[in-house]
Amino acid sequence: MSLDNAPEEVKLAVDLIMLLEQHEIPAETVLAALEIVRQDFLRKREENTSR
């Protein structure tokens, strides 16, 4: 299956999964870090929409 026509978020997710798996980062560490990233981007989105 090719990612050429996949949405950008799918391509990014695949890239992130590959990167994290290559570095053998424990799942709990990945999930905790992703939650921090999620909260940061939610905050940034909120700041950008309130301008």
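The legends below describe close-up views of a predicted model.

**View 1. Lining of the largest pocket.** The largest pocket has a volume of about 170 Å³. Its lining is formed by E9, L12, A13, L16, I17, L20 and L34. Helix 1 (residues 8-22) supplies the largest share of this lining, six residues. By residue class, the lining comprises six nonpolar residues, no polar residues and one charged residue.

**View 2. Nonpolar surface patch.** L12, L16 and L19 make a nonpolar surface patch of about 260 Å². L16 is located in helix 1 and is partly exposed, with a relative accessible area of 37%. L16 also belongs to the lining of the largest pocket.

View 3. The side chains of E8 and K11 form a salt bridge, with an N to O distance of 3.4 Å. Both residues lie in helix 1, three residues apart, about one turn of the helix. E8 is exposed, at 58% relative accessibility, whereas K11 is partly exposed, at 24%.

**View 4. Salt bridge between E35 and R38.** The side chains of E35 and R38 meet at 3.8 Å, N to O, in a salt bridge. The two residues lie in helix 2 (residues 27-49) and are three residues apart, about one turn of the helix. E35 is partly exposed at 38% relative accessibility, and R38 is partly exposed at 46%.

View 5. In the salt bridge between R43 and D40, the closest N and O atoms are 2.6 Å apart. Both residues lie in helix 2, three residues apart. R43 is partly exposed at 41% relative accessibility, as is D40 at 24%. A network of salt bridges links D40, R43, K44 and E47. The whole structure contains five salt bridges.

Note on methods. Residues are numbered from 1 along each chain as its sequence is written. This is a predicted model: local features need pLDDT of at least 70, side-chain atom pairs count only at pLDDT 80 or more; totals for chains, interfaces and linings use all residues. Side-chain values use heavy atoms; hydrogens and water are left out. On a 1 Å grid over the protein atoms alone, a cavity is a set of points where a 1.4 Å probe fits but cannot get out, and a pocket is an open set with protein on both sides within 12 Å along at least five of seven lines; lining residues have an atom within 4 Å of a point. Grid points are joined across faces, edges and corners, and a volume is the space filled by probe spheres set on the points. Helices (H or I, at least four residues) and strands (E, at least two) are DSSP runs, numbered from the N terminus. Ala, Val, Leu, Ile, Met, Phe, Trp, Tyr, Cys and Pro count as nonpolar, Asp, Glu, Lys and Arg as charged, and the others, Gly among them, as polar. Patches are made of residues with over 30% relative accessible area and no salt bridge: like charges are joined within 9 Å, nonpolar side chains (Val, Leu, Ile, Met, Phe, Trp, Tyr) within 5 Å. Accessible areas come from the Shrake-Rupley method with a 1.4 Å probe; for residues, only the protein chains shown count as cover. A salt bridge is a side-chain nitrogen of Lys or Arg within 4 Å of a carboxyl oxygen of Asp or Glu. Buried means under 20% relative accessible area, exposed over 50%, partly exposed in between (1.4 Å probe, protein chains only).
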